[in-house]
Amino acid sequence: MPLKTVTVVGARPEFVQTAPLAREIASRDGITGGLVHTGQHYDYEMSELFFSQLELPEPIYHLGVGSGSHGVQTGAMLAELDRVYLAERPDIVITHGDTNSTLAAALSAAKLGIPVAHVEAGLRSWNRAMPEELNRVVTDHLADLLFCPGQTAADNLRREGIATGVAVVGDLMQDSLHWTMRSIDTAATLDHHGLRPGEYFFATIHRAENTDDEARLRAILAGLEKVAAVHPLLLPAHPRTRPRIRDLGVPPGVRLIDPVGHPEAMALVKEAAAVLTDSGGLQKEVYWLETPCVTVRTETEWVETVQVGWNRLADADPSSIELAVEAALAERPDHPDLYGDGHAARNIVDHLLTFARN
Ligand code: UD1
């Protein structure tokens, strides 16, 4: 009998991560897969657009959970996932990243005695005020197989006493990036936005810690305004951020647009003078595309990108943001390979098949 996997996704970064894994599972013998969409992200630009652009298979279940407080959202997912797992009886549940969907996928499976594989295991910001940090810590401690993007993540797990089932496999987002880059038309994308290569900034801001605190968001917008005095700044806004920025006023030079799909985002990142972001996944994509990055947070899980000099942390403070961008533009350090070689999907399926045999 082939290993029956069920992969749970719900938020944008999980769609990007799971696409190459779904393709790999479909192409290999001895393993089958189905996707469950929790419905955490439901706007067209946040979900459906990604499914079609990444050629993701139709989910076998769409739970339609939608928004709510963390407890309400996660609890609704748990109730629905119990039902799905009992009906499907997977041999293993695969969960990605650090969202509420990630946690619900792992918790429901673990309580039903179904093994859990956590992809992007071992990441730590060491900041327990972040909902994502709580989600990843709990998920890692529930998981049977822990797939780490790099050695730092595996070391983090060992420090927490997790030693078995851990494998360093690289990062699925890099697999996804390679696939997406084959089909993007960078020139057309820049034309569409009226931008010239190297003469604009690309920014995303959506973390609760930045958007839910008016003083922080004001300070970030003031920082973006300073940066946008040099080149125009394109700000595709997550639905969480859009109304909040509109309320505070869009700064001059900043172009607030709807969220963009993955190929469009990658084209815009590739040719930007620099990227400013508080996203997790984007920091790596910016690195692989060899664009300087400024992360508007006090810490990052992707420490290697900072260590090699391509990513800088900036607090929510206008001059800290401006100085970080100036420094980012001034330097072109060496660019070593980070987080694998774009074959994480193959490595993960190899480990899953070994797990099935044992
Ligand atoms: C989630 C993840 C975050 C990840 C991000 C990527 C958690 C705790 N956080 O944050 O780690 O970086 O996804 O995008 O899981 N909303 C819409 N339309 C949508 C989705 C959300 O309007 O399609 C609104 C909701 O009503 C809510 C807000 O956005 O007000 C937050 O959505 P939620 O799914 O709770 O978390 P994200 O902020 O997207």
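User: Which ligand atom is 2.7 Å from an N or O atom in the side chain of His238?

Analyst: In this predicted model, an oxygen atom of the ligand sits 2.7 Å from an N or O atom in the His238 side chain.

User: And what about Ser67 and Glu132, how far are their side chains from an oxygen atom of the ligand?

Analyst: For Ser67, an N or O atom of the side chain is 2.7 Å from an oxygen atom of the ligand, while for Glu132 a polar side-chain atom lies 2.8 Å from an oxygen atom of the ligand.

User: Which residues around the ligand come nearest?

Analyst: There are 21 residues around the ligand, and those that come nearest are His41, Asp43, Ser67, Glu132 and His238.

User: Switching to helices: how do H4 and H5 cross?

Analyst: The axes of H4, residues 100-111, and H5, residues 131-142, come within 9 Å and cross at roughly 25 degrees; angles under 35 degrees count as roughly parallel, and the two helices are therefore roughly parallel to each other. The crossing of H4 and H5 is left-handed.

User: What classes of residue make up that contact of H4 with H5?

Analyst: The residues divide into six nonpolar and four polar, with no charged ones; among them are Leu103 and Leu107 in H4 and Val138 and Leu142 in H5.

User: And at what angle do H1 and H7 cross?

Analyst: The axes of H1, residues 12-27, and H7, residues 172-181, come within 8 Å and cross at roughly 80 degrees, which makes H1 roughly perpendicular to H7. By class, the contact of H1 with H7 has eight nonpolar, two polar and two charged residues, and its members include Gln17 and Arg23 in H1, and Asp175 and Trp179 in H7.

Terms used
Residues numbered from 1 in each chain as written. Predicted model: local features only at pLDDT ≥ 70, side-chain atom pairs only at ≥ 80, totals over all residues. Heavy atoms only, no water. Axes fitted to C-alpha atoms, helices over the stretch in contact; angles between N-to-C directions. Helix = DSSP H or I, 4+ residues; strand = E, 2+ residues; numbered from the N terminus. Parallel < 35°, antiparallel > 145°, perpendicular 65-115°, else oblique. Left-handed = near helix turned anticlockwise from the far one by under 90°. Contact = heavy atoms within 4.5 Å. Nonpolar A, V, L, I, M, F, W, Y, C, P; charged D, E, K, R; others polar. Near = heavy atom within 4 Å. Polar contact = N/O pair within 3.5 Å; in protein donor to acceptor, adjacent residues only side chain to side chain.
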